[in-house]
2 protein chains.
Amino acid sequence: MAGLGPKIDHLMEALRCLPGVGPKSAQRMTFHLLERNRDGAEQLALALTDALGHIHHCKQCRILSETELCSRCADPQRQRQQLCIVEMPSDVLAIEQATHYNGHFFVLSGHLSPLDGIGPDALGMPQLIALFDQNIIEEVILATNPTVEGEATAHYIGQLAQARNIPVTRLAHGIPLGGELEYLDSGTLSRAFAGRASL
Amino acid sequence: MAGLGPKIDHLMEALRCLPGVGPKSAQRMTFHLLERNRDGAEQLALALTDALGHIHHCKQCRILSETELCSRCADPQRQRQQLCIVEMPSDVLAIEQATHYNGHFFVLSGHLSPLDGIGPDALGMPQLIALFDQNIIEEVILATNPTVEGEATAHYIGQLAQARNIPVTRLAHGIPLGGELEYLDSGTLSRAFAGRASL
């Protein structure tokens, strides 16, 4: 996509750092911003710079935060006995929206993936072990994604916790609400069948 | 979507100025940039600021350009006798990729839309009339979109040109290549039938 000068090309290229944005979307966004919404583009540039300068990870739970300790970790009302471990900050928001969970979180920022060079250290495991060793936690809730990598990560953390005699739970697998048995993948159906509960 | 602080919320809100980005995509983009691609976010902020500061409209054809006169208008090899009128800068790129057109362009940056307050002045009509009055143009090619507004805009410009005895052409309507008659909308089929050509 050439022909409008290097600065426009550079903006199109830069927009492709956004997830789900290919060359065609980047072109559409570039024209939209420059033709229709220069104020929005300026706001976006400022918000990006501002966020990059001020948003870091909470030193305790590793979620994105403007302060050294995030609002959740600093909140004395939250139960320190429960620790819910998730892969991404968005999982924290999803769990808070769906449940009344009032314990602490720990954000891995990913899952174990040795082929990509993501090992325990990159996921903050030393920090997590230090938390375990404080002897405050009475339940570790593993809420990683039900993918191969998420399961492996949950298994790894589960062993770390059990070695310290901390009870570990995992989110239930089964049929999603509104789902139909007929269209369910066999893995989920098998887990739902094996995990059947008495009424 | 609350809970991670005002700067993150502000970035999510700012990303929604991009076309096709809703609250969920904005959240995903925010986490991706802050967790995975801070360099990309920095580049994007710089590219936006750079583009806003240096990219304006070509004073002759109104396309986005870094220089006062864009590379097309400054090119003496291009035929000044032909003027192709399009709605958006992306249409210029599309026509250049698909054809061997070597004349000049004029970018309206929209179409006539009285209800939205977009009249002839907002589309650069005075500038276009000044071009017509130079008595250089021998063909005006109307390449606005085949929508109601695009057709109305083409009709308006066509009348301006014809009043100055400049021949006007319009891109052909008909069956798109690879299309099937059965699934074609009746408007297009009717135009294709009426515009049938002898082999």
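**Cysteines, helix packing and loops**

Me: In which helix of chain A is the place of A:Cys73?

Reply: Helices (H or I, at least four residues) and strands (E, at least two) are DSSP runs, numbered from the N terminus. With that numbering, A:Cys73 is in helix α4.

Me: How are residues numbered, and which pLDDT do side-chain atom pairs need in order to count?

Reply: Residue numbers start from 1 along each chain as its sequence is written, while chains are lettered from A and ligands numbered from 1 in the order in which they are written. Side-chain values use heavy atoms, without hydrogens and water, and as this is a predicted model, totals for chains, interfaces and linings use all residues, local features need pLDDT of at least 70, and side-chain atom pairs need pLDDT 80 or more.

Me: Is A:Cys73 buried or exposed, and at what relative accessible area?

Reply: The scale is relative accessible area with a 1.4 Å probe and protein chains only: under 20% is buried, over 50% exposed, and in between partly exposed. A:Cys73 is buried, at 8%.

Me: Which residues does A:Cys73 touch, not counting residues up to four places away in sequence?

Reply: A contact requires heavy atoms within 4.5 Å. Under the stated sequence exclusion, the partners of A:Cys73 are A:Cys58, A:Gln60, A:Cys61 and A:His104.

Me: How many disulfides does the structure hold over all chains?

Reply: A disulfide is a covalent bond between the sulfur atoms of two cysteines. Here the criterion is a pair of cysteine sulfur atoms within 2.5 Å. Over all chains, the count is zero.

Me: How far from A:Cys58 is the nearest cysteine sulfur?

Reply: A:Cys58 counts as buried, at 1% relative accessibility. A:Cys58 is in no disulfide, and the nearest cysteine sulfur, that of A:Cys73, lies at 3.7 Å.

Me: At what angle do the axes of α5 of chain A and α2 of chain B cross?

Reply: Two packed helices are described by the angle between their axes and the distance between the axes. Axes are lines fitted to C-alpha atoms, for helices over the stretch in contact, with angles from 0 to 180 degrees between N-to-C directions. Helix α5 (residues 89–98) of chain A and helix α2 (residues 23–36) of chain B have axes that come within 10 Å, and the crossing is at roughly 140°.

Me: Which residues make the contact of α5(A) with α2(B)?

Reply: By class, the contact has three nonpolar, two polar and one charged residues. Nonpolar covers Ala, Val, Leu, Ile, Met, Phe, Trp, Tyr, Cys and Pro, charged covers Asp, Glu, Lys and Arg, and the others, Gly among them, are polar. From α5(A) come A:Pro89, A:Ser90 and A:Leu93, and from α2(B) come B:Gln27, B:Phe31 and B:Glu35.

Me: Which helix of chain B is included in what covers the buried residues of α5(A)?

Reply: The buried residues of α5(A) are A:Pro89, A:Asp91, A:Val92, A:Leu93 and A:Ile95. The cover includes β2 (64–65), α4 (71–74), β3 (79–86) and β4 (103–107) of chain A, and from chain B, α2.

Me: Does B:His104 count as buried or exposed?

Reply: B:His104 lies in strand β4 (residues 103–107) of chain B. Leaving out residues up to four places away in sequence, B:His104 touches several residues, including B:Arg72, B:Cys73 and B:Arg78. With 5% relative accessibility, B:His104 counts as buried.

Me: Does B:Asn135 count as buried or exposed?

Reply: B:Asn135 is in the loop between α5 and β5 (139–142) of chain B. B:Asn135 is not a glycine, yet has a positive phi of about 60°. Its relative accessibility is 70%, so B:Asn135 counts as exposed.

Me: How far apart in space are A:Ile136 and A:Arg80, C-alpha to C-alpha?

Reply: A:Ile136 lies in the loop between α6 (125–132) and β5 (139–142) of chain A. At 31% relative accessible area, A:Ile136 is partly exposed. A:Ile136 is in contact with A:Arg80 and A:Gln81, neighbours within four places in sequence aside. A:Ile136 and A:Arg80 are 56 residues apart in sequence, and in space the separation is 6.8 Å.

Me: What distance separates the centres of domain 1 and domain 2 of chain A?

Reply: Domain bounds come from an automatic or database domain assignment. Chain A is divided into domain 1 (6–54) and domain 2 (77–170). Taken over C-alpha atoms, the centres are separated by 35 Å.
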